[in-house]
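Subject: Structure for your review

Dear colleague,

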Amino acid sequence: MNFAPILPELILTIGAIVLMMVAAFMGKRGSNLCSWASVALLLGAVATLGGEPQHAGALFGGQLVADGFSAFGKLIIYLCAAVAIVMAHNWFERDFEHAAEYPVLILLSAVGMSVMVSATSLVTLYVGLELQSLSAYVLASYRRTDDRSAEAGLKYFVLGALASGILLYGISLLYGFTGTTQFEGVAAAFTRDGTTSIGLLFGLVFLLAGLAFKISAVPFHMWTPDVYEGAPTPVTAFFASAPKVAAVLLGVRVCLDALGPAMDAWRQIMTFAALASIFLGAIAAYGQTNIKRLLAYSSINNVGFALIGLVAGGPQGASSVLFYMAVYVVMTLGAFLCVQRMKGEDGEYIESIDSLAGLSQTRPGLAFALAIFMFSLAGIPPMFGFWPKLMVFNAAVTEGLIALAVAGILGTVIGAYYYLRIVKVMYFDAPAGQPYARGGNALETAMIFLFALIVSPLGYLLIGPLGELTGRAAGSIF
């Protein structure tokens, strides 16, 4: 048996087990060691992604696949996980909350996400998704002394269990009517008689409903604002990046691979989910006063745009989704890094939007970086965040979905308001409470600077290399 294609998963799994033992014996004294060792393991896993084994094709009897699509997803996931570990290093109280279990949970979640983006069977799809989710439930409630964190973990767990049940029901229906759990076999069943049976349609609907919960698409978005607000900020940044990328890429593979012959059926579902996510994410954010809650609705809004690329289908649509998610995680992580740098005079972290008033006067560098991320998230040119939106709209127009593209553009205009509102508060309102940035962490500052450069107009230099990479990755599933 050749284990080289799953070397990244082996590195993270064995590393997580070893670090779990370190955490058991050293306790909180091992938190720094576990954190930096976890970052090293993730970067080591990234280094293995460019080799030939990562394009080996079907593995373990068709349960997994090693191709360019999964390798691209793992690259984003591992880098986001590493950033989430670095963010937590100085956020949790060092002698109280910053325990060694945090990076171990991140590693195990990354393993689950690796399985998700590589799954070519309904069984491995579910196993990977649950491994990721079980770690996420604990991470959401990581702050034991914070009622909001406990509430976030409980809500996430209860609603996640409901979504898992829906997903399992869809999987059981598809298996019952097709006799297989392989994506290839499911696709063959949809074309066997030239028509799709009611049983297969019900299975398709329940499967997509379960996946919609994981990407927080409307109408299965209800958990997102509460969990994002209540979870610790590094955890929220992690939720908004790596798991979302894994779930979106899993949805792309399921729809275009397993459910490809039933495109007319799932395209209607995904069109509704895309438009509903865009407009609800834009409108519901208007009255928010908590910036983490606003960024939760921003993530719902952005998922809607990514789904437009999925609805377009084909290599161009899939490539636009990959490009969109790659740029989205940079914008989102940068925004959360800026939010994490803010503290009040009493030492408490600032999450209120009104508390950012006058930030351009008190912390001009941080305000400028946050403004760049807000303009980019809004898709306002010349920021680089404009280009991924243009790509998904272009993919939709190419497929003749002009009305969908026009609706998406309208949603962009509506959603721009609440991003610009943050810029207005920082630059035009009088200073409130003299918030100050956390100092002394050069690594966080460097990441904010790097992410701001990427999503600034300089990011257009990446269009060629990133577009070629996403094009090859998308082409590997067709």
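In which loop does P382 lie? P382 is placed in the loop between α16 (364-378) and α17 (386-398), and the bond that joins P381 to P382 is a cis peptide bond, with omega at about 10°. Please keep in mind throughout that this is a predicted model.

Overall fold

The chain's secondary structure amounts to 20 helices and four strands. Its radius of gyration is 21 Å, close to the 23 Å that the globule rule gives for 478 residues, so the chain is as compact as a globular protein of that length. Of the 478 residues in the chain, 62% are buried, and among contacts with a separation of 6 or more, 81% are between residues 24 or more positions apart. The chain exposes about 17300 Å², of which carbon and sulfur atoms supply 69%.

The largest pocket

The largest pocket has a volume of about 570 Å³, and 23 residues line it, with L79, V329, V330, F451 and I454 lying nearest its centre. The lining is made up of 23 nonpolar residues, with no polar and no charged ones. At least two lining residues come from each of α2 (31-47), α3 (68-89), α14 (314-340), α19 (442-455) and α20 (463-475), and α3 gives the most, with eight residues.

Helix α2 also holds A45, which is buried, its relative accessible area being 0%. Leaving aside residues up to four places away in sequence, A45 touches P8, I11, L12 and Y78. Between A45 and V329 the C-alpha to C-alpha distance is 19 Å, at a sequence separation of 284 residues.

The cavities

Five cavities of 30 Å³ or more were counted, and the largest cavity holds about 80 Å³ of space. The residues that line the largest cavity are L208, L211, A212, I215, A217, A247, V248, G251, M270, A273, L307 and L310. The elements giving two or more residues to that lining are α8 (198-214), α11 (242-258), α12 (263-283) and α13 (291-312), and the lining divides into eleven nonpolar residues, one polar and no charged.

The buried residues in α7 are F183, G185, V186, A187, A189 and F190.

The loop between α8 and α9, and what follows

What sets the backbone apart in this loop? A cis peptide bond joins V218 and P219, with omega at about 10°, and P219 is located in the loop between α8 and α9. S216 is placed in the loop between α8 and α9 as well, and has a positive phi of about 55° although it is not a glycine. For comparison, most residues other than glycine have a negative phi, and most peptide bonds are trans. S216 is buried, at a relative accessible area of 0%.

S216 is also one of the residues touched by T224, together with A296, S299 and I300, when residues up to four places away in sequence are not counted. T224 belongs to helix α9 (residues 224-230) and counts as buried, at 0% relative accessibility.

In helix α10 (residues 233-239) there is T233, which is buried with a relative accessible area of 3%. T233 touches M87, W91, K292, F336, Q340 and E351, again without counting residues up to four places away in sequence. T233 and M87 are 146 residues apart in sequence, but their C-alpha atoms are 8.5 Å apart in space.

A further positive phi

F60 is another residue other than glycine with a positive phi, near 50°. F60 is found in the loop between β1 (57-59) and β2 (64-66), and at 32% relative accessibility F60 counts as partly exposed.

With kind regards

Definitions and conventions: Residues are numbered from 1 along each chain as its sequence is written. This is a predicted model: local features need pLDDT of at least 70, side-chain atom pairs count only at pLDDT 80 or more; totals for chains, interfaces and linings use all residues. Side-chain values use heavy atoms; hydrogens and water are left out. On a 1 Å grid over the protein atoms alone, a cavity is a set of points where a 1.4 Å probe fits but cannot get out, and a pocket is an open set with protein on both sides within 12 Å along at least five of seven lines; lining residues have an atom within 4 Å of a point. Grid points are joined across faces, edges and corners, and a volume is the space filled by probe spheres set on the points. Ala, Val, Leu, Ile, Met, Phe, Trp, Tyr, Cys and Pro count as nonpolar, Asp, Glu, Lys and Arg as charged, and the others, Gly among them, as polar. The radius of gyration is taken over C-alpha atoms; the globule rule is 2.2 Å times the number of residues to the power 0.38. Buried means under 20% relative accessible area, exposed over 50%, partly exposed in between (1.4 Å probe, protein chains only). Contact means heavy atoms within 4.5 Å. Accessible areas come from the Shrake-Rupley method with a 1.4 Å probe; for residues, only the protein chains shown count as cover.
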